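Open the model in your viewer and keep the selection tool ready. We will go stop by stop.

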Amino acid sequence: MNAVSPRFRAFGLLLLVLPLFAACDILEGGDPPANGRVELDSEAGQQLTVILSTDFDIVGGNPEVGGTIIEINEADTSQTTSPGTINVPLGPRQRMYFKMVAPGELTTPVAARIYIEADLISTKVVQSPGDSAVFVYTFSSF
């Protein structure tokens, strides 16, 4: 029986482990994202209330309804008109909270396409007066 030298064993182990480190880099996706974007799409002139935050904490979940409990530390609330685009710098924590609320005079559905960098992550729609839609994004490096 041929004995395998310790040097050859170490080299073989390195060849087995090296792809795992490369896979970690691939899974991480490189640098964390810096920007988000919300594209609002509807017939011209639809008014919406938009709440945006990058300063919030996820403080728990509600297993009964399958939701997440968010505590917003600071947010911007504004009135906007669709169609339009909202650019969102994600900040040092790489997170975004977005909520749109349809006012009482909504006449057609409004879709919000949410992008992180160039990737479409989600689409939310409000269809009736008083409807709201929420989107929460947090970057994870693992």
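Is Glu39 buried or exposed? This is a predicted model, and in it Glu39 is buried, with a relative accessible area of 19%. The cut-off for buried is under 20%.

Select Arg37: its side chain meets that of Glu39 in a salt bridge, 3.1 Å from N to O. Arg37 is partly exposed, at 23% relative accessible area. Next, select Arg113. Arg113 also forms a salt bridge with Glu39, with the closest N and O atoms 3.4 Å apart. Arg113 lies in strand 6 (residues 110–116) and Glu39 in strand 1 (residues 35–41), so this pair ties together parts 74 residues apart in sequence.

Stay with Arg37 and show Tyr115. Arg37 lies over the face of Tyr115, at 4.1 Å from the ring centre.

Move to Asp55 and Arg93. Their side chains meet in a salt bridge, 3.8 Å from N to O. Asp55 sits in strand 2 (residues 46–62) and Arg93 in the loop between strand 4 (84–89) and strand 5, so the pair links parts 38 residues apart in sequence. Now widen the selection: salt bridges with shared partners join Arg37, Glu39, Asp41 and Arg113 into one network.

Select strand 8, residues 132–138. Ala133, Phe135 and Tyr137 point to one face and are buried. Val101 has Ser132 as its bridge partner.

Last stop: Ile58, Val134 and Val136. They form a nonpolar surface patch, with about 200 Å² of accessible area together.

Methods
Residues numbered from 1 in each chain as written. Predicted model: local features only at pLDDT ≥ 70, side-chain atom pairs only at ≥ 80, totals over all residues. Heavy atoms only, no water. Buried < 20%, exposed > 50% of the residue type's maximum accessible area, 1.4 Å probe, protein only. Helix = DSSP H or I, 4+ residues; strand = E, 2+ residues; numbered from the N terminus. Pairing = 2+ DSSP bridges. Lys NZ or Arg CZ within 6 Å of the ring centre and 35° of its normal. Patch = residues over 30% accessible without salt bridge, like charges linked within 9 Å, V, L, I, M, F, W, Y side chains within 5 Å. Areas by Shrake-Rupley, 256 points an atom, 1.4 Å probe, with all protein chains shown as cover. Salt bridge = Lys/Arg side-chain N within 4 Å of Asp/Glu carboxyl O.
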